[in-house]
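Subject: Structure handover

Dear colleague,

I am passing on the structure below, with notes on what was found in it. Please read the notes with the model open.

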Amino acid sequence: ERFHKALDALLATDDGEIGLSFGPESERPELHYGHLVGESAPMHRLYKMLERVARTDSTCLITGESGTGKENAAATIHSLSPRGGQSNVPVNCGAIPSELVESHFFGHKRGAFTGAVSDKDGVFVTAHEGTLFLDEVGELELSMQVKLLRAIQTGEVQPVGSDKTRKTDVRILAATNRDLDQEMADGNFREDLFYRLAVIPLRMPPLRERSDDIPLLVRHFADVFNARTPAPVRGISKTALDALCAYEWPGNVRELRAMLERMIVLADDEVLGVEDLPLKVRSAVGLETDEAIDPWGSPELPEGGLKLAEAVDH
């Protein structure tokens with residue numbers, strides 16, 4: 001015990017006090033439904049809402065800033081629902097080339113277009129009797145919004161190149177980080193589709209509204225990344241943890257996860273300290289900074305350039 005206390009004092013990198021310990025002996029945060037971490041009041045309100053939504057087959061529109069966990073919320077709804085034993089099919093609407101969106105959703109017949117060498121089912125058929133999660137639904141073009149609305153209302157899809165329809169039974173969950181009220185006002189999103197999707201609206205709280213959960217998230221992600229790292233860290237100093245709690249987190253939980261992974265991978269000591277924080281975090285919370293030693297800073301290229309292989313080795 002005396003050895004560990006002395007070691008803690010030696011390893012503390014800024015204020016001499018460890019704010020949070022990692023490792024098997026530390027208390028692990030509870031994972032709600034296997035997808036979500038948080039014990040704050042906004043998260044408990046969210047959990048109750050997820051349970052209620054899961055009981056029904058109503059469409060649900062999940063809104064929130066990027067990185068708040070909209071896909072995790074959709075996965076939670078699916079796992080708690082009567083359809084939990086069936087397929088949960090996520091689709092990123094913004095990642096599909098516009099000329100292939102209809103085929104991706106509804107399928108196609110062989111020869112319907114160049115490259116259609118065989119019949120193919122769309123995601124509506126793939127998700128039959130399960131859940132179809134339409135992520136970034138605000139990215140769909142107006143022409144596709146009309147066809148999506150019809151498919152949701154009728155429960156039928158018509159593959160590209162076919163004159164026949166197919167019945168499907170899917171539960172629709174959708175998500176967006178766009179302001180759909182503004183998109184409708186600008187003529188970029190159909191009101192009829194919005195009201196069909198938003199039968200149950202669900203808002204994901206941004207991380208700055210639940211800063212009490214940051215220590216739980218830090219410990220959870222540290223456990224995940226320590227398991228992959230040859231030299232795991234044992235904790236984080238109180239000053240560094242306080243800085244993470246005070247930061248506004250424009251990228252929310254996704255930003256915290258990525259930041260903590262980099263901090264653990266690049267750490268020189270077993271306890272994360274202020275010097276391990278990115279310059280933008282230290283500046284935002286009013287900690288003294290030194291750009292000359294900032295490990296997160298942008299590199300400068302010499303005038304004569306450099307050799308890529310040598311730079312990577314270095």
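Strand β4 (residues 60-63) and strand β9 (residues 171-176) run parallel and are joined by four bridges. Before going on: this is a predicted model, in which local features need pLDDT of at least 70 and side-chain atom pairs count only at pLDDT 80 or more, while totals for chains, interfaces and linings use all residues. Residues are numbered from 1 along each chain as its sequence is written, and side-chain values use heavy atoms, with hydrogens and water left out.

Helices (H or I, at least four residues) and strands (E, at least two) are DSSP runs, numbered from the N terminus. Two strands are taken as paired if DSSP finds at least two bridges between them.

Axes here are lines fitted to C-alpha atoms, for helices over the stretch in contact, and angles run from 0 to 180 degrees between N-to-C directions.

**Two residues in helices**

Thr76 lies in helix α3 (residues 70-80). Thr76 counts as buried because its relative accessibility is 0%; buried means under 20% relative accessible area, exposed over 50%, and partly exposed in between (1.4 Å probe, protein chains only). Leaving aside residues up to four places away in sequence, Thr76 touches Tyr33, His35, Leu36 and Leu50, where contact means heavy atoms within 4.5 Å.

Met43 sits in helix α2 (residues 41-54) and is buried, at 2% relative accessibility. With residues up to four places away in sequence again not counted, Met43 touches Leu36, Val37, Gly38, Pro205, Arg210 and Asp213. Met43 and Asp213 are 170 residues apart along the chain, and their C-alpha atoms are separated by 8.9 Å.

**The three-stranded sheet**

A further open sheet has three strands in the order β1-β11-β12, and its pairing is mixed. The edge strands are β1 (18-21) and β12 (271-272), each of which pairs on one side only. Strand β11 (residues 235-237) pairs with β12 in the parallel sense over two bridges, and Ile236 stands opposite Leu272 in β12. Helix α10 (residues 238-246) lies across β1, β11 and β12 and runs at about 85° to β11.

**Aromatic pairs and cysteines**

Rings of Phe, Tyr and Trp (its six-membered ring) pair if their centres lie within 6.5 Å; planes under 30 degrees apart count as stacked, over 60 as edge-to-face and the rest as tilted. By this rule there are six aromatic pairs. One of them is the edge-to-face pair of Phe105 and Phe106, at 6.1 Å centre to centre and with 80° between the planes. Both Phe105 and Phe106 are buried. Another edge-to-face pair is formed by Tyr247 and Trp249, at 4.8 Å centre to centre and with 80° between the planes; both of these residues are buried. Phe105, Phe106 and Phe124 form one aromatic cluster.

Taking a disulfide as a pair of cysteine sulfur atoms within 2.5 Å, the count is zero. Cys93 is buried, with a relative accessible area of 4%, whereas Cys245 is partly exposed, with a relative accessible area of 24%.

**The chain as a whole**

The protein chain has 13 helices and twelve strands. Of its 314 residues, 44% count as buried. Among contacts in the chain between residues at least 6 apart in sequence, 73% join residues at least 24 apart. The chain exposes about 17000 Å², of which carbon and sulfur atoms supply 49%. Accessible areas come from the Shrake-Rupley method with a 1.4 Å probe; for residues, only the protein chains shown count as cover.

Regards
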